[in-house]
Amino acid sequence: MVSVKSIINQAIHREERSHEADHPSSPVAKFGADQPLPLDCGIDLTPFQIAYQTYGELNAERSNAILVCHALTGDQHVANVHPVTGKPGWWETMVGPGRPLDPDRYYIICANVIGGCMGSTGPASVNPATGKLWGLDFPIITIPDMVRAQAMLLDRLGIDTLFCVVGGSMGGMQVLQWTAAYPERVFSALPIACSTRHSAQNIAFHELGRQAVMADPDWRGGRYGDQGTHPHRGLAVARMAGHITYLSDAALHRKFGRRMQDRDLPTFSFDADFQVESYLRYQGSSFVERFDANSYLYLTRAMDYFDIAADHNGALARAFRGIKTRFCVVSFTSDWLFPTSESRALVHALNASSARVSFAEIETDRGHDAFLLDVPEFFDISRAFLQSAGKARGLGD
Amino acid sequence: MALQDQTLPLPGITPHRSGNYRSDHLLVAEMVERGSKVLDVGCGDGDLLQLLESRGIDGRGIELSREGVNRCVAKGLAVVQGDADTDLVNYPDDAFDYVILSQTLQATRQPKAVLENLLRIGRRAIVSFPNFGFWKMRLQLLVGGHMPRTENLPATWYDTPNIHFCTIKDFVQLCDEIGVKMERAVALDNFGRPVPLNLPWWFWNMFGEQGVFLLSRAGKER
């Protein structure tokens with residue numbers, strides 16, 4: 001199964017990835033001992049750095065900045081070729097000339113989250129106190145920690161108020177956290193396919209993924225980086241399980257059905273007879289080339305802990321009381337990871353706060369992943385929302 | 001009951017613009033004070049909301065159909081998918097200056113509860129509905145012996161979303177029953193023109209194709 005070529009490839013990618021973790025090929029903001037990041041777990045993280053990417057120009061009024069928040073396995077490379085995989089940016093359907101997030105109109109920023117592995121400080125970075133990789137010594141981080149770090153980055157960039165914060169899934173959680181923590185800094189918000197809290201089912205799937213990583217002997221208690229291994233089998237299994245949750249029964253049936261992979265008859269073995277198996281294996285193996293296993297543990301944990309209502313005495317509406325931010329909440333009919341009911345609960349809370357909110361549920365069979373795919377109705381709605389918010393913001397046409 | 005006269009076209013809307021809007025929408029828009037905050041329940045494609053926003057009114061909408069919602073949001077309107085029967089309870093008291101229920105009352109499961117909610121959420125409510133006492137309706141039932149269908153209500157009895165039809169007279173009775181004050185009432189005829197005012201209720205009930213009512217809480221101000 002495992003060819004020499006794939007072993008060499010993995011070694012090369014591991015090299016590139018670990019280089020990116022400390023020396024990203026995108027701009028990076030470094031925060032020294034005078035500017036620690038206070039984490040929810042009680043630790044002040046210092047020093048730390050945030051790797052980010054920008055597209056377009058900030059206008060003279062500094063009023064056209066949009067922050068894109070990436071999802072669990074995303075990074076700052078929204079609309080440029082990925083430095084490790086060489087593939088296009090993860091949201092080129094949404095961000096780019098003529099797209100809803102058009103760099104000709106807006107100044108678009110995306111930062112790798114704290115705890116990530118593409119240049120922002122995380123478990124794959126070197127701990128300056130020891131000279132070794134952080135690994136599991138890295139403190140547990142939360143969604144509010146990620147947002148706090150992004151706010152520090154914006155301070156550094158001289159941006160006081162964001163025209164819009166946009167993101168799907170874990171990115172959507174950050175959008176909501178932005179509006180709850182810094183309502184006066186967010187003119188409009190576009191949370192997509194997300195929730196104000198991670199559900200028990202979602203925590204369960206994340207636990208499955210983490211256990212798969214930790215069960216891999218190459219994980220070495222999280223110290224694989226120092227020992228020249230990487231738990232790619234465990235991480236691939238975690239990705240395979242996760243990937244199923246991003247799709248839907250209907251989408252899987254439409255794409256693969258029960259069709260066989262390069263054969264007409266079953267082999268009576270555990271080889272990947274079915275196309276869907278082959279697809280999942282590919283998803284798993286390509287993911288491990290670009291992602292750090294410990295980072296996966298930390299980021300899934302951050303999502304699990306997310307619960308805005310709990311941070312406001314159990315009342316979600318209290319989190320958004322008196323908020324002036326304009327919201328456009330988007331969900332997808334076949335998304336069972338962050339179902340429409342979760343978005344509806346958010347909308348009810350926003351209504352109770354008399355916030356200006358739009359809520360659209362898009363019909364698609366493509367599941368949670370739909371926000372990353374070419375879904376014209378979703379783009380139309382995003383574009384119109386940004387245009388009407390832009391008018392209110394005085395951005396002109 | 002003191003009723004005031006209406007004339008079209010309405011102040012603030014130039015005649016050539018008014019041609020693009022439904023006359024009942026123009027009438028509703030004229031009832032809303034500028035600068036106020038409005039919730040349109042059952043906002044459809046958002047035509048009324050657009051008219052309101054063009055007049056400097058902060059408008060929000062609820063719409064049951066996903067297609068309607070998405071068309072509204074694509075127009076840049078603040079509209080959420082929701083059901084008048086179940087979702088109005090989520091809005092706090094006095095959240096809006098006006099809550100509008102345009103041609104939707106007859107499609108709700110519990111019109112009375114909906115009406116009560118409108119006047120809890122909004123200080124005022126504007127309700128318009130097709131008058132089932134309209135002479136054409138009566139004639140079809142009396143002479144034709146079948147459930148009435150008109151240009152504005154073309155659905156057959158078995159596929160209509162309208163499950164709680166009422167007449168202007170019925171609605172006035174309901175308002176009295178739940179202690180709602182009628183500030184203004186207008187009946188629009190077949191051509192969307194206001195039925196002359198100095199005529200008795202039975203005439204309205206016969207010749208008004210639809211009723212438009214501006215309501216407020218009577219004597220139980222919170």
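Analyst: One begins with confidence, as this is a predicted model. Chain B has a mean pLDDT of 86, and 89% of its residues reach 70 or more. For the model as a whole, the scores are ipTM 0.80 and pTM 0.90.

User: Which elements of chain B have the lowest and the highest mean pLDDT?

Analyst: Where pLDDT is low, the predicted coordinates should not be read in detail. Among the elements of chain B, the lowest mean pLDDT, 41, belongs to helix H1 (residues 15–18) of chain B, and the highest, 96, to strand S1 (residues 37–41) of chain B. The pLDDT is below 50 over residues 1–18 of chain B, a stretch with 21 contacts in the model beyond near neighbours in sequence.

User: Is helix H5 of chain A largely enclosed or open?

Analyst: Burial is counted residue by residue. In H5(A), 11 of the 15 residues are buried, so this helix is largely enclosed by the rest of the structure. Among the buried residues are Leu235(A), Arg239(A) and Tyr246(A). Their cover includes helices H1 (4–22), H4 (200–215), H7 (275–290) and H8 (293–305) of chain A.

User: What does H5(A) reach from its first C-alpha to its last?

Analyst: H5(A), residues 232–246, reaches 20 Å, close to the 21 Å expected at 1.5 Å a residue.

Key:
Residues are numbered from 1 along each chain as its sequence is written. Chains are lettered from A and ligands numbered from 1 in the order in which they are written. This is a predicted model: local features need pLDDT of at least 70, side-chain atom pairs count only at pLDDT 80 or more; totals for chains, interfaces and linings use all residues. Helices (H or I, at least four residues) and strands (E, at least two) are DSSP runs, numbered from the N terminus. The expected span of a helix is 1.5 Å times one less than its number of residues. A residue is buried if 20 or more other C-beta atoms lie within 10 Å of its own, exposed if 12 or fewer, and partly exposed in between; C-beta atoms are placed from the backbone. Two residues are in contact if their C-beta atoms, placed from the backbone, lie within 7 Å. pLDDT is the predictor's confidence in each residue, from 0 to 100.
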